[in-house]
Amino acid sequence: MLYMLLINTDESYYGTLSEEQMGQLMGEYMQFGEEIEKAGVQITNHRLRPSSSTTTVRVRNGEVLSTDGPFAETKEQCGGYYLIDVKDLDEAIAWAAKIPSSKYGAIEVRPIWVMDEDSGGQS
Amino acid sequence: MLGDFDLAEEAMQDAFRIALERWPKQGIPIEPGAWITTTAKRRLIDRLRKRRVRDRLDPLYGRERLNREGQIEMLENSLDSSLEDDRLRLIFTCCHPAINQDAQIALTLNSLGGLSVPEVARAFLVPTSTMAQRLVRAKRKIREARIPYRVPPDHLLPERLPSVLLVLYLIFNEGYEASQGGAAIRRELCDEAIRLGRLLTELMPDEPEALGLLALLLLHNARRDARVDEAGDPVLLEDQNRSRWDRQAMSEGRALVRSALARKQPGSYQIQAAIAAVHCEAACAEDTDWQQIVALYGELLKLQPTPVVALNHAVAVAMSDGPKRGLALADSISQLDNYLYYHSARALMLERLGRMGAARTALLRALKLAGNSSQKKFLRRKVELLDSPSSDVP
């Protein structure tokens, strides 16, 4: 079963960290990366550039409207994700809880909608 | 895709439905629990067979059938293992923290308590359609997010058991608060919670907090009839007619607390049950061992440092060491300005200190927060008593 672990954090938090603290956080992420790699559950992961570099695109009446900034102007923004393949929600939650940012941000665990799997609907 | 959860739940509901039909006519079997599980097991096998036949007849099921064959095999294997495990799995799945709490309660009552959707809806004072929606959404979440249908492994138990216990506690409270008036189905929630609590302690006999919760529910329930007078108004603990307390439930509850505490893993339900037990042991209100209650609230406060527990501790201190010390503690609690009992408890302490004006102000504050008519009536009477010159007459 595929789950997307979306990492939501207050971006201003990073500005409050000293160089040493930032280094420590990076170290934690490296360690986590090794662990999840070794467990063989990771499909992919990416870190996203800050939301200030976001462009939001909408098409209205055939016209492409691009605006600067994220879709939702919330304090917490998605800063990266892990796509994992595990047995069930409990395993996904366990991995989410190990992501270093879970200690100050929030990890959203979303099951991936595999088109084939549910196409028969509820029987 | 059909999860094991749906199957087990349907089978369990079937069993409860059959019990409701048969037991009133044929009498309750000697071992009701075993009867239910055996019946559920038979119904589950029936359902599986029917599904298999349909699978064979319908070529469209091709790929899904392969999945199902595997599922059936797995289920048949698990049928051989004790069916008690199935009920335990159901409880833990229904109370999974990834499900919204209202839905946890509804799912538990609906799939283990054997209450129909309209009954659960009536018990929680929401329209049937709302409750049906809530259940559908929760079941969809179980399926789509793949919430595992299992008893959590040992390392997850400390984080999972509390949500199961809390659901049972909330079900009980919902019924307990409804004691004055309201639909009978709401009062039945107390019995339902106790029944589920018994089930949980049967299935997990080594969990002291499960024992503690059952004890707490039994001890509270023992006082249920004495909590309201003939007019349906609430009666304070100290004014209750103790001969109306259910002695049998009390001794069962006390025995349970003792056996739980003997395991030396104290928890908040065990301590609350111990407090309730101390109250039950007093032949009259004056005989209450307040010192022991103060000590127990002190322990509870360490485990659960919430303002409400702090308030209960302050009230116990007022009874044991006098209103002055109790009031000082109560006044140091913040965050309870919108809590009715905070103001009514302060009013009582102020009254005992002879500070009638302040007591009156506190009572009026409580009155403003009163939600139902019997609370309002009770508080108004208190204000009147305070205002009357002979305020020492009860």
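Mentor: Helix α14(B) passes helix α15(B) in a right-handed crossing, the near helix being turned clockwise from the far one by less than a right angle. This is a predicted model, in which local features need pLDDT of at least 70, side-chain atom pairs count only at pLDDT 80 or more, and totals for chains, interfaces and linings use all residues. Residues are numbered from 1 along each chain as its sequence is written, chains are lettered from A and ligands numbered from 1 in the order in which they are written, and side-chain values use heavy atoms, without hydrogens or water.

Trainee: What makes α14(B) roughly antiparallel to α15(B)?

Mentor: Helix α14 (residues 307–321) and helix α15 (residues 323–331) of chain B pack at about 165 degrees, with axes 6 Å apart. Angles over 145 degrees count as roughly antiparallel, and therefore α14(B) and α15(B) are described that way.

Trainee: Which residues of α14(B) and α15(B) meet?

Mentor: Among them are His313(B), Val317(B) and Asp321(B) in α14(B), and Pro323(B), Arg325(B) and Leu329(B) in α15(B), where meeting means heavy atoms within 4.5 Å.

Trainee: Why is Arg381(B) called partly exposed?

Mentor: Arg381(B), which lies in helix α18 (residues 373–387) of chain B, has 39% relative accessibility. Buried means under 20% and exposed over 50%, with partly exposed in between (1.4 Å probe, protein chains only), so Arg381(B) counts as partly exposed.

Trainee: Which residues touch the most other members of the largest nonpolar core?

Mentor: Of its 108 residues, these are Leu5(A), Tyr82(A), Ile84(A) and Leu200(B), while a second, separate core of 23 residues includes Leu327(B) and Leu336(B). Such a core is a set of buried Ala, Val, Leu, Ile, Met, Phe, Trp, Tyr and Cys residues joined through side-chain atoms within 4.5 Å.

Conventions. Helices (H or I, at least four residues) and strands (E, at least two) are DSSP runs, numbered from the N terminus. Axes are lines fitted to C-alpha atoms, for helices over the stretch in contact, and angles run from 0 to 180 degrees between N-to-C directions. Angles under 35 degrees count as roughly parallel, over 145 as roughly antiparallel, 65 to 115 as roughly perpendicular and the rest as oblique.
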